[in-house]
Amino acid sequence: MIQALWFVVVLTVLVVTGIWLADHPGSVTVQWQGYRLDSSVALLLGAVAAVAVAAALIYRLWIVLEGLPSAGRRWRQGRRQRRGFEALTRGMVAVAAGDAEDAGRQGKRAEGLLEDPPLTLLLSAQAAQLAGDEQAAERFFKAMLERPGTEFLGLRGLLTQAIRRHDWDEALALARRAYRLRPKSDWVAANLLDLQVRAGQWLDAEITLAEAVKTGLVPPPQGDRRRAVLLHQQSQEAEAGGDGAKALKLARRAHDHGPDFVPAAVRLARLLVADGKGPKAAQVIEKTWGREPHPDLYDAYRMTRREEDGLTLARDTQRLAAANPDHPESHIALAEAALEARLWGEARSHLSAAAGAQPTARVCRLMARLEEDEHADGAAAREWLVRASAAAPDPAWVCQSCGNLAAEWTVLCGNCEDFDSFAWRTPPRVAHLPGPQEAGPQEAGPGDAGPGDAGPEDAEFGDARTAVLTHDEAGAR
Ligand SMILES: [Zn+2]
């Protein structure tokens, strides 16, 4: 609108000037160096205007031409960057798809096109890893350590490599460095804790764990349980080092953090008994029995008492069982005490309460003992022992990560090396595992035993209560 108005104004001025010049004609004479030019005023003004317009146009053209090279440069740079990012994206997609060759090619392209090493270093490292060239990947990760922006990424890559080649010392050093950079990273804290545990640095691990609980990386209940485990290990170490007082103090803290952690309760009770504090030890066992009854607890409970007759034991066991009266483990403890006190009826009723519909191997063995002790009935006892060999498995320490079974609780699983992964559970019943001679029909020689006379044997380890049963279905034999 303003432009149109401006155009009208200019046009009006030009027309008025033209008319005025036509009405007032005049002449101009220029004399210079012996030349003479005669012209009208209108023509002269027209010529001046034409020269001015031509000069303005030339000036504009010059400005455009002068800007051309830098514009071209900018355009080329933009195009290069676009292609670089395109290569980077394709490289990342190739990494995700597991295409090592394409990832490597795109990584090199991106490296050449982009002037941003941090971005391309990561792709190059991942491409090298994908191609199985760990040394090249390590070089890229180490180059990333040099730049503050990519230091953590480099550390993460190197740490993963160290863990993969089981270089635990190197992994621990890298994890410590990564933890200093990012203490709130879930991944780093978990790895540092894991490596400290693996190295048996219980106190360091406890500090890392406390920090992780404080920053909310580990929920408090889980933190308490793990703390109990780490304190239990420290107590063990102190005892092995001959410092009984420190061992007792640590065991007490372990039990406070994890009152349902059976090994800590057993340890504390044992140390208290050694310190002449039997009644206090019994209280510890009773507290844990209320949360997690366990045969080891009952054994420890019996240690807390002075040698007394069977009837006193039966009475005391009733106090312990009262902490968890309906649990099968309470009935088994009461049955064992009743057997020692020769209270046959009581033993039988507790055993049948513990057995329920499906007596476990341990209950069957106790029934055999009852038949033997009460009636000296060898046939009935043998019948119970046969039933025991095919009975439902008793609870055992089962690794919650890999399913490994252990007779004793250990801080690391012997199979998958997971930390605190054992739980006292009934192992899944394995109905039938092929024996070596059944692995393949072509391997069964003429002298081999046929499958009919050699069923898989009952595998048993440790004491009877942690028997792992791999057997045919009940009644098959
Ligand atoms: Zn395991």
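The legends below describe an overview and two close-up views of a predicted model. Residues are numbered from 1 along each chain as its sequence is written. In this predicted model, local features need pLDDT of at least 70 and side-chain atom pairs count only at pLDDT 80 or more, while totals for chains, interfaces and linings use all residues.

**View 1. The protein chain has 19 helices and five strands.** Helices (H or I, at least four residues) and strands (E, at least two) are DSSP runs, numbered from the N terminus. Of the 477 residues, 32% count as buried; a residue is buried if 20 or more other C-beta atoms, placed from the backbone, lie within 10 Å of its own.

**View 2. Helices H8 (residues 186-198) and H9 (residues 202-214) have axes that come within 8 Å and cross at roughly 160°.** Axes are lines fitted to C-alpha atoms over the stretch in contact, with angles from 0 to 180 degrees between N-to-C directions. H8 and H9 are therefore roughly antiparallel (angles over 145 degrees). Ala189, Leu192, Leu193, Gln196 and Val197 of H8 meet Asp204, Ala205, Thr208, Leu209 and Ala212 of H9, where contact requires C-beta atoms, placed from the backbone, within 7 Å.

**View 3. Helix H19 (residues 378-389) has Ala381, Trp384 and Ala388 as its buried residues.** They lie on the same side of H19, because they cover an arc of only 60° around the axis; the arc is that of the directions from the helix axis to the C-beta atoms. Helix H18 (361-375) is included in what covers these buried residues.

Notes. The expected span of a helix is 1.5 Å times one less than its number of residues. A residue is buried if 20 or more other C-beta atoms lie within 10 Å of its own, exposed if 12 or fewer, and partly exposed in between; C-beta atoms are placed from the backbone. Two residues are in contact if their C-beta atoms, placed from the backbone, lie within 7 Å. Angles under 35 degrees count as roughly parallel, over 145 as roughly antiparallel, 65 to 115 as roughly perpendicular and the rest as oblique.
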